[in-house]
Amino acid sequence: DKIGSWTVIQRKNFLNEVIRSHNLTGLTFAHLTFLDCNFIDIDFSHTNFISCDFTNCNFTETTFLKSELDNCNFKNCKIFQSDLTSANLMESNFTDCQFDIVDMAGAVFTQCELIQPQFHKVRFLESVTLSKSKICNSKKCIEVNTFDNVSKIVDDLKD
């Protein structure tokens, strides 16, 4: 659908899809469900995601530069060699997700929950901003009103 100059993709379900080498810059994705999908070499820069669900999805070499993710859920997803620089995530949840070799410089998580996240070789994790968000492991949760050093929180959860 076209709304003004924006292209909106909405109300669809995707199962076992492999989406490869696409420039999807500046689009809006709304009310979509992705199950067991693979995103490879996708550019989602300046893209809006509204109420989308991702379960068992893999994101490899995927760019979310300055994207907005509002009310999205990620469950058991792997984000590998990807870029979340200056992404704005609001009321979104990440459950059992892995972040491997991901650039997160300037990413902002507002009213988000990260449940048992795994971070490996994440660049600029210390510059991520959490506001009114939670990071939890199997034993405890740390609620954050405004805290700029996510690296320290992740270390505190390792105890």
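Which residues line the second largest cavity? In this predicted model, that lining is made up of Met 104, Phe 109, Leu 114, Phe 119, Leu 125, Val 128, Leu 130, Ile 135 and Val 150. Here a cavity is a set of points on a 1 Å grid over the protein atoms alone where a 1.4 Å probe fits but cannot get out, and lining residues have an atom within 4 Å of a point. The model is predicted, with local features needing pLDDT of at least 70 and side-chain atom pairs counting only at pLDDT 80 or more, while totals for chains, interfaces and linings use all residues. Residues are numbered from 1 along each chain as its sequence is written, and side-chain values use heavy atoms, with hydrogens and water left out.

Two cavities of 30 Å³ or more were found. The largest cavity has a volume of about 60 Å³.

Turning to open space, a pocket is an open set of points with protein on both sides within 12 Å along at least five of seven lines. The largest pocket has a volume of about 200 Å³. Its lining has seven nonpolar, three polar and one charged residues, and includes Gln 116, Phe 119, Cys 136, Asn 137 and Lys 158. Strand β17 (118-120) and helix α1 (150-157) each supply at least two residues of this lining; helices (H or I, at least four residues) and strands (E, at least two) are DSSP runs, numbered from the N terminus.

The structure also holds one salt bridge, defined as a side-chain nitrogen of Lys or Arg within 4 Å of a carboxyl oxygen of Asp or Glu. Lys 134 pairs with Glu 113 at 3.8 Å, N to O. Lys 134 lies in strand β18 (residues 129-136) and Glu 113 in strand β16 (residues 113-115), so the contact ties together parts 21 residues apart in sequence. Lys 134 is partly exposed at 27% relative accessible area, and Glu 113 is partly exposed at 30%; buried means under 20%, exposed over 50%, and partly exposed in between (1.4 Å probe, protein chains only).

Methods:
Grid points are joined across faces, edges and corners, and a volume is the space filled by probe spheres set on the points. Ala, Val, Leu, Ile, Met, Phe, Trp, Tyr, Cys and Pro count as nonpolar, Asp, Glu, Lys and Arg as charged, and the others, Gly among them, as polar.
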